[in-house]
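Please look through the sequence and the model shown here with attention to the ligand site and to the aromatic rings. A short report on both topics comes after them.

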Amino acid sequence: MGYSVAIVGATGNVGREMLNILAERSFPGVDVAALASRRSQGAEVSYGDRILKVKALEHHDFSGVDICLMSAGSAVSKEWSPRIAAAGAVVIDNSSCWRYDADVPLIVPEVNADAVAGFRKRGIIANPNCSTAQLVVALKPLHDRARIKRVVVATYQSVSGAGKEAMDELFAQTKAVFQIDEIVPKKFPKRIAFNLIPQIDVFMEDGYTKEEWKMVVETKKILDPKIKLTATCVRVPVFIGHSEAVNIEFEQPIGADEARDILHNAPGCVVIDRPEPGGYVTPYESVGEDATYISRIREDATVENGLAMWVVSDNLRKGAALNTVQIAETLINRGLIKPRKAA
Ligand SMILES: NC(=O)c1ccc[n+]([C@@H]2O[C@H](COP(=O)([O-])OP(=O)(O)OC[C@H]3O[C@@H](n4cnc5c(N)ncnc54)[C@H](OP(=O)(O)O)[C@@H]3O)[C@@H](O)[C@H]2O)c1
């Protein structure tokens, strides 16, 4: 017996990837409903070799739904996630709306799968920010070995992290550069084609951006509240794939060779690290892949017990859709939910 799954935001970057991943992993879905705004009613999306007709969220009956994968932004999540949970479905929410609620577990299965059991309080589980997800996958095995004190991270985030309109903006601006047309930024605060922007999300009172704040708070919630982290988040003209330059200070000594070995055997991690031209992973190579890639692992002699590394992943997969599906699989594999239609 399979599960009844609804995807809210099925026409978006993340929603489409969720459909791909559910099909690729032969997720035990007996029926999958593709939902979006009224604008998309009747549109078609692919689910494996099937085509699904998109329905409007407000017209859907959630009474038989077991799992709802929410990916339609914070405003929709704020209103709908509690309503859908009240109808009896477990909501796995991709927006930032519920991540910081003490009664909502924030999960990256390779890191804190046990916390998933806390979903019963609200019926909602949150998926982290894309930059946090890949970072904690790489940090967790090193933290287990040598205890992380402090992390300094600079991100190089692709435009797909800001939704499908942001990808269109990079494409249109790039074309405009070659055609010597005028460029008027809409989605981004400045031109993104052949440029980069040191601002993601709004500014906070302390001068950091909200994206940077999210990385701090989410790393503490998922991995360890004692870890100090400071981030600089930058949007770059890459379509898909987030990259991070990470500097870590540990309590205990750990060398680059040992870190390489630990990460080589760690869940979700792939180490590609040869000190030669091309002996590392770039965001382009991460597209469509599930792994978090780690390259350029080296000792940082400027601090005691320091390491530096380069971390790359497909933000639409590990940063969003894949992690969401892995959370659903964790619930099923641990026997925490059963299909309601079978009951
Ligand atoms: N992209 C990433 O790397 C990433 C990573 C982690 C988390 N997230 C989060 O995932 C969510 C979706 O991101 P995305 O990149 O997929 O955005 P997107 O490409 O802009 O897609 C947005 C989706 O939401 C739907 N939607 C918008 N308003 C709606 C409404 N009132 N009712 C129902 N559906 C509505 C859209 O449907 P229409 O087509 O009908 O407008 C579309 O399917 C966001 O909360 C984002 O913060 C994204």
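The report takes up the ligand and its surroundings, and then the aromatic side chains.

This is a predicted model, in which local features need pLDDT of at least 70 and side-chain atom pairs count only at pLDDT 80 or more, whereas totals for chains, interfaces and linings use all residues. Residues are numbered from 1 along each chain as its sequence is written, and side-chain values use heavy atoms, with hydrogens and water left out.

**Ligand site**

The ligand is surrounded by 27 residues, the closest being T11, S37, R39, S40 and K164, where a residue counts as near if one of its heavy atoms lies within 4 Å of the molecule. Sorted by class, this shell holds nine nonpolar, 15 polar and three charged residues; Ala, Val, Leu, Ile, Met, Phe, Trp, Tyr, Cys and Pro count as nonpolar, Asp, Glu, Lys and Arg as charged, and the others, Gly among them, as polar.

| Protein atom | Ligand atom | Distance |
|---|---|---|
| G9, backbone N or O | oxygen | 3.2 Å |
| S37, side-chain N or O | oxygen | 2.6 Å |
| R39, side-chain N or O | oxygen | 2.8 Å |

On its own the ligand has 900 Å² of accessible area, of which the protein covers 81%, with areas from the Shrake-Rupley method and a 1.4 Å probe. The elements that give two or more residues to the shell are α1 (13–24) and α9 (317–333); helices (H or I, at least four residues) and strands (E, at least two) are DSSP runs numbered from the N terminus.

**Aromatic rings**

Three aromatic pairs are found in a search of the whole structure, with rings of Phe, Tyr and Trp (its six-membered ring) pairing if their centres lie within 6.5 Å, and with planes under 30 degrees apart counted as stacked, over 60 as edge-to-face and the rest as tilted. One of them joins Y156 and W310 edge-to-face, at 5.4 Å centre to centre and 65° between the planes. Because Y156 lies in strand β9 (residues 148–157) and W310 in strand β14 (residues 306–313), this pair ties together parts that are 154 residues apart in sequence.

The rings of F178 and F194 have centres 5.9 Å apart and planes at 80°, so this pair is edge-to-face. F178 belongs to helix α5 (residues 164–178) and F194 to the loop between α5 and α6 (210–222), 16 residues apart.

Technical notes:
A polar contact is a pair of N or O atoms within 3.5 Å; within protein, one must be able to donate a hydrogen and the other to accept it, and residues adjacent in sequence count only if both atoms are side-chain atoms.
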